[in-house]
Amino acid sequence: MNILLCTLPEVCVSKDYLPHLSLLYVAAQAEKGGHKVKIIDSHIEGLTTDNLVKTIIQEQPDILGVTATSHNRFEVIKVLKKAKQFLPETITVAGGVHFTITAEDALKCIPELDVIVLWEGEYIFYNLANTIQGGGSFDSVNGIAFRKDSGEIIFTKPSTFIHNLDDLTPAWHLIDMDKYQARLEGTYDTRAIGVMSARGCPSSSVFCSNSIWGKKSYRMKSPLKFVDEIEFLYKKYGFKGFDFWDDTLTLSKNHILGICDEILRRELKIEWYARARVNTVNKEILLSMKRAGCVAIGYGIESGSPKVLEAIKKKITISQIKQAVKDTADIGIISKNFFMFSLPKEQEEDILMTINLMKELVSYSSTVTTPYALTLIYPGTELEKLAKSRGILSQNFSWNTYTEFSKSRLYGENKTIPFYEEQLSLEKVKSILRRNLVSKGDFFQKAKRRLSRIRNFHDILSSFKAFR
Ligand code: B12
Ligand code: SF4
């Protein structure tokens, strides 16, 4: 079978763009089935959506696979509609978090979409491609949703989690690695690539798409295999920077210490960025990470109010936050501490507590930053249920029918993703932030930081955009 796997041109990401792991993993398995697989990474190829459609039509694949998030769902739908118009025989397949969660609605709304691969795609897509080649029925493929000729939507037997992640390797050879020249966050010139040492998340933060995986979802690669992957990318393609895309790299102490030991044992001179929870680090772990090349850590902190932290099921405390950020700074690792506003139960006093915490954290060191955002609603989350119960979304809201939200149009990066509003209106939240968070000092500090990082024309342009 000729299989074409595509990403859409990114709108949110202008630079620092790294290869998508999803398609690389799916492609590697499909190749094992003897299929001819091609990947088009539209963003890196500089394709517009229309150009992508033209390329798809030229390629005439037997199977067209696309990956999607809620953010780019309507671009994906547009591509599927146009491509299917010219290639009615091509089987169209979508995967990724958005279509997994909204599968039934998607198949109802998008007649041009034939199959949705639910959850992890490697073995499911492999079976699907083999079944299509053999002329078999979709009913026999576990882990998919599809539409019968009668229009009925079928969910086949669910597929189980992939337990031996060591068996999976991305098909790096299918993309032109020289085109990926993004730098690692927290460094000046370290060329970076994204890798992941584990999958799933056992936590249940109410706003987060990963909470849907469930408590038993967390699985790890062995440190040995994971560092093999790093060493391969380092030696074969010259990558010295690694963005560890694990949601919480430090969830298991043995795992993170094992990875650090293995990097040190092999004397890999690499730098890396990690994401962690404040309640999963301590000085021993942070020191080990620093020695093994960790330059920056992103912590999801969300709020400075214990009441709000409880409401969003974040399961961290203010003292854990302060301790982790202090330790990280003392050890010489940059920390980016992410906050959210307009969260459940949040009132003015909670916002002020959050702002005070942000200010305290920043006072520890110049290596501490506190980026923030207003809370968005994603499908399948507890926040979506809350939004429905409060009338922010209608009970039968369709994520795959084009809808623009007036406040998202005004304040958001994406008009089709709704903001969450509860105790305070978004306008009120913004005015509290404006009064208490954005001072002239902050602006000049930010400007100074940005200007010091300018290295090329692209940086000038993006700094200009940010100041505006
Ligand atoms: C890396 C990453 C990014 C990278 C993207 C990669 C790149 N090229 O640079 C960057 C930093 C750019 C990014 C940007 C954003 N991201 Co992001 N990102 C991730 C992250 C951490 C890892 C993704 C990954 O590689 N996973 C590993 C692969 C193997 O898993 P996978 O992608 O799920 O793919 C598997 C299956 O889903 C399936 N599959 C997926 N696609 C397909 C396609 C086919 C055909 C098939 C058969 C199967 C299949 O098979 C794959 C293998 O098992 C995830 C969190 C996570 N844990 O997944 C968030 C995540 C995907 N991002 C998210 C968000 C919100 C964003 C941003 C909006 C952030 C922002 N505010 O700017 C933007 C939106 C970009 C966009 N236009 O879509 C959300 C998506 C929520 C949602 N409902 O859509 C996630 C889930 C994080 C979260 N918990 O909220 N992101
Ligand atoms: S916010 Fe982090 S810990 Fe919570 S569910 Fe999402 S990925 Fe897991």
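Trainee: Which residue of β11 stands opposite V195?

Mentor: This is a predicted model, in which local features need pLDDT of at least 70, side-chain atom pairs count only at pLDDT 80 or more, and totals for chains, interfaces and linings use all residues. Residues are numbered from 1 along each chain as its sequence is written, while chains are lettered from A and ligands numbered from 1 in the order in which they are written. Strands (E, at least two residues) and helices (H or I, at least four) are DSSP runs numbered from the N terminus. In β11, the residue opposite V195 is F244.

Trainee: How many bridges join β8 and β11, and how many join β11 and β12?

Mentor: Two strands pair if DSSP finds at least two bridges between them. Strand β11 (residues 241-244) pairs in the parallel sense with β12 (residues 271-276) over three bridges, and D243 stands opposite Y273 there. From β11 the chain passes through helix α9 (residues 253-265) to β12 in a right-handed β-α-β crossover; right-handed denotes a clockwise path from the first strand over the helix to the second, with the strands pointing away from the viewer. For β11 and β12 the number is three, and for β8 (residues 192-195) and β11, also parallel, it is four.

Trainee: Are the residues of β11 buried or exposed?

Mentor: A residue is buried if 20 or more other C-beta atoms lie within 10 Å of its own, exposed if 12 or fewer, and partly exposed in between, with C-beta atoms placed from the backbone. G241 and D243 point one way, and F242 and F244 the other. All of these are buried.

Trainee: Which residue is the bridge partner of L64 in β4?

Mentor: L64 belongs to one side of β3, with V66, while I63, G65 and T67 form the other, and all are buried. Strand β3 (residues 63-67) is joined to β1 (residues 2-7) by four bridges in parallel, with I3 opposite I63. Its pairing with β4 (residues 91-95) is also parallel and has five bridges. The partner of L64 in β4 is T92.

Trainee: Which element gives the largest share of the shell around ligand 1?

Mentor: The shell has 36 residues, the closest being S22, G65, T67, G95 and G121; a residue is near a molecule if its C-beta atom, placed from the backbone, lies within 6 Å of it. Elements giving two or more residues include β3, β4 and α7 (122-133). Domain 1 (2-155) and domain 2 (183-375 + 420-437) each supply at least three residues, the domain bounds coming from an automatic or database assignment. The largest share, four residues, comes from α1.

Trainee: How many charged residues does the shell around ligand 2 have?

Mentor: Ala, Val, Leu, Ile, Met, Phe, Trp, Tyr, Cys and Pro count as nonpolar, Asp, Glu, Lys and Arg as charged, and the others, Gly among them, as polar. The residues around ligand 2 are C201, S203, S205, C208, N210, S211, D247, T248, R277 and G300. By class, two are nonpolar and six polar. The number of charged residues is two.
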